Amino acid sequence: MEMSTQHGNSDPKPSSGSGSCLYDLLCSETPCWNRASDAESTSWILRKDSWRSAGPQGKLERFLNESGNDVCADCGSPDPKWVSLSLGVFICIKCSGVHRSLGVHISKVLSVKLDEWTDEQVDYLVNLGGNTVANNKYEAFLPDNLKKPRPDSSIEERSNFIKRKYEMLQFLEGNEQMICPYPPHQRSSSSSTPQSSSGHQFTQDKKECEKQPRHRIGHKFRNSWGRKDSDHNKSTKKSNSLAGMVEFVGLVKVNVVKGTNLAVRDMVTSDPYVILALGQQSVKTRVIKNNLNPVWNESLMLSIPENIPPLKVLVYDKDTFSTDDFMGDAEIDIQPLVAAAKAQENSEIWEPMQLGKWVASKDNTLIKDGIITLIDGKVKQEISLRLQNVERGVLEIELECVPLTQ
């Protein structure tokens, strides 16, 4: 998808037809409406210039307060605090868990409050148009006898609807180009995406997932990559039907800090990246080229299922022309962190203190005890892991347990 919000001399030409209606609006000095719904669904364009002087968080808050964005795009819950950056919708905490289960190649979920937004990310979100534009697209042919989820709907109802809406595209307008506000050709062009490292990363993730060869990395997890054998394909279909139909008790914010003395996989070095998996969800960091001591400092968010599984950590070496090479794995028991966070919710003590620890032993991969602390009202844990099933390598990770109220 190629995006442009330039005016004046720039003259990129979309293909002919009604698909260029909103794109023409973006590129023209004087808006020309071809239909009434265009004027309603893109009213945000007329106010966009007044936002440019605000910082990214200020612009995001303003966009959140726009009509249609102040309720969840999927269930209508008021005051949504989460965003699908790739789909351009504001969503509630309950629907955000289902979105994560779809995978980042469909829905890249960020928090309005907890994540650090860049100008490029906010501009990209604004250019997508918000909840009204997205729902006009993804719910264009919503059957009359099908009711959208409500704020009090079950997780099964949410999961069923969200998957049909965004993954199966069952309600998508037949002529998708009529709604697309950007040129319909060159859909995967990188020129349409934000050019900061974090803003650009989610689009790179999406492109990589779409083009990813089928290999063995992350094969146990929904939204990663599958084995080629038919038995795994059958089990994957079964697990896919259950993905998202899980009640969540909180969120875990994982900051992948750095790796030390990682294994060599490319002659004398490696191009490492990290996959995190929790239940049916999986996310990954960016690739760092030619580095055995990479520093990511990259935060990723996962929903915590009611039956809390271990957090699985896998490290791989990125290869362009062959299967990515395995560089070790480990498991993290997050139950002590969750228990400490739950206990703290009912406490009136907020000064910095130690709440507990995960004790290093021969039965786990910890290099030292993982101390759980309360800092600035946040429950955090620093962990140093010795990677398993590999000749060497240490990974440093910071965890933060986030209650569903945030």
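Helices (H or I, at least four residues) and strands (E, at least two) are DSSP runs, numbered from the N terminus. Strand S4 (residues 248-260) holds lysine 253. The model is predicted: local features need pLDDT of at least 70, side-chain atom pairs count only at pLDDT 80 or more, and totals for chains, interfaces and linings use all residues. Residues are numbered from 1 along each chain as its sequence is written, and side-chain values use heavy atoms, with hydrogens and water left out.

**Lysine 253**
- Lysine 253 is buried but makes no salt bridge. Buried means under 20% relative accessible area, against over 50% for exposed and in between for partly exposed (1.4 Å probe, protein chains only). A salt bridge puts a side-chain nitrogen of Lys or Arg within 4 Å of a carboxyl oxygen of Asp or Glu.
- Glutamate 400 is the nearest side chain of opposite charge, 4.7 Å away. Lys and Arg count as positive and Asp and Glu as negative; His and the chain ends are not counted.
- A polar atom of the lysine 253 side chain lies 2.9 Å from the backbone oxygen of leucine 114.

**The sheet**
- Four strands make an open, antiparallel sheet, in the order S6-S5-S8-S9. Strands pair if DSSP finds at least two bridges between them.
- Strand S6 (281-284) and strand S9 (325-332) are the edges, each pairing on one side only.
- From one strand to the next, the twist averages 20°. Axes are lines fitted to C-alpha atoms, for helices over the stretch in contact, and angles run from 0 to 180 degrees between N-to-C directions.

- Strand S5 (residues 272-278) pairs with S6 over four bridges, in the antiparallel sense.
- Isoleucine 275 stands opposite lysine 284, and alanine 277 has serine 282 as its bridge partner.
- Two residues separate the strands of this hairpin, and glycine 279 takes a positive phi near 65°.
- In a regular strand the side chains alternate between the two faces of the sheet.
- In S6, Gln281 and Val283 point one way, Ser282 and Lys284 the other; all are buried.

**Helix H4**
- Helix H4 (residues 93-102) is largely enclosed by the rest of the structure, because eight of its 10 residues are buried.
- Among the buried residues are Cys95, His99 and Arg100.
- Glycine 103 follows H4 and has a positive phi, near 100°.

**Helix H7**
- Helix H7 (residues 155-167) has 13 residues and reaches 17 Å from first C-alpha to last, close to the expected 18 Å. The expected span is 1.5 Å times one less than the number of residues.
- Its buried residues include Arg158, Phe161 and Lys165.
- Just after H7, leucine 169 takes a positive phi of about 55°.

Technical notes. A polar contact is a pair of N or O atoms within 3.5 Å; within protein, one must be able to donate a hydrogen and the other to accept it, and residues adjacent in sequence count only if both atoms are side-chain atoms.
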